Amino acid sequence: MPSDKVDKILEQWLTVRPDLDCSAMGIIGRLRQTNDAWKKKLDPVFKENKLSGIEFDILATIRRSNTAVTPTELYHTLMLSSGAVSMRIEHLVKSGFVQRIASEKDRRSCKVTLTKKGVELIDTALNAHVANMDNMLSVLSNQEQAQLANLLRKIQLADQ
């Protein structure tokens, strides 16, 4: 397999610190570089649909929930501040993609649901997003993709 940028860094560390095992640096470095590269490939799909990544995530969360959700549920799911979610919801309401449904029990509370226009937008964007991700992962076989998913799941579960 050809060398990458991280291999050069690891070789340099091996030269100056042969006593130190820097293999973890290689894994983390490659994950960070992959994350940066993939973000550059993901964002254009959102922009083609006139969405930010956060707006896509909000619409996708509501769509996969298959029911109206509260802003609190959104910001917990998306790991964003309540202010950031509120601001994005307001923009999506003004754009006609979501609507607020006032709570009958609590005037201060509401739920957010997709409009027909919002369902059409997220379904179109989601199709393009999934195709894009499939293309990004096409360098790996199905077996390698499953192995990577399991390894990343293991790391995620250990961090919880």
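Trainee: What makes the span of helix H3 (residues 53-65) agree with its 13 residues?

Mentor: First, a caution: this is a predicted model. Now the helix. At 1.5 Å a residue, the 13 residues of H3 should span 18 Å. The expected span uses one less than the number of residues. The end C-alpha atoms of H3 are 18 Å apart, so the two values agree.

Trainee: What follows H3?

Mentor: Asn 66 follows H3, and its phi is positive, near 60°.

Trainee: Which residues of H3 are buried?

Mentor: They are Glu 55, Phe 56, Ile 58, Leu 59, Ala 60, Thr 61 and Ile 62.

Trainee: What covers the buried residues of H3?

Mentor: The cover includes helices H2, H4 (71-78), H5 (82-94) and H6 (116-137). Strands E1 (98-102) and E2 (110-114) are also part of the cover.

Trainee: Why is Glu 55 called buried?

Mentor: Buried means under 20% relative accessible area. Glu 55 has 5% relative accessibility, so Glu 55 counts as buried.

Trainee: What makes Glu 55 and Arg 88 a salt bridge?

Mentor: The rule asks for a side-chain nitrogen within 4 Å of a carboxyl oxygen. The closest N and O atoms of Glu 55 and Arg 88 are 3.8 Å apart. That value is within 4 Å, so the pair is a salt bridge. The pair links distant parts of the chain: Glu 55 lies in helix H3 and Arg 88 in helix H5, 33 residues apart.

Trainee: How many salt bridges does the rule give?

Mentor: The count comes to 7. One of them joins Arg 30 to Asp 4, with the closest N and O atoms 2.7 Å apart. Arg 30 is in helix H2, and Asp 4 is in the segment before helix H1 (5-16). Asp 4, Asp 7 and Arg 30 are linked in a network of salt bridges.

Trainee: Why is the aromatic pair of Phe 46 and Phe 56 called tilted?

Mentor: A search of the whole structure finds 1 aromatic pair. Phe 46 and Phe 56 form that pair, 4.7 Å centre to centre. Centres must lie within 6.5 Å, so the distance qualifies. Stacked needs planes under 30 degrees apart, and edge-to-face needs over 60. Here the angle is 35°, so the pair is tilted. Phe 46 is in helix H2 and Phe 56 in helix H3. Both are buried.

Trainee: Which residues make the nonpolar surface patch?

Mentor: Ile 27, Ile 28, Leu 31, Leu 148, Leu 152 and Ile 155 make a patch of about 500 Å². Helices H2 (23-48) and H7 (142-158) each give two or more residues to the patch.

Note on methods
Residues numbered from 1 in each chain as written. Predicted model: local features only at pLDDT ≥ 70, side-chain atom pairs only at ≥ 80, totals over all residues. Heavy atoms only, no water. Patch = residues over 30% accessible without salt bridge, like charges linked within 9 Å, V, L, I, M, F, W, Y side chains within 5 Å. Areas by Shrake-Rupley, 256 points an atom, 1.4 Å probe, with all protein chains shown as cover. Helix = DSSP H or I, 4+ residues; strand = E, 2+ residues; numbered from the N terminus. Buried < 20%, exposed > 50% of the residue type's maximum accessible area, 1.4 Å probe, protein only. Contact = heavy atoms within 4.5 Å. Phe/Tyr/Trp six-rings, centres within 6.5 Å; stacked < 30°, edge-to-face > 60°.
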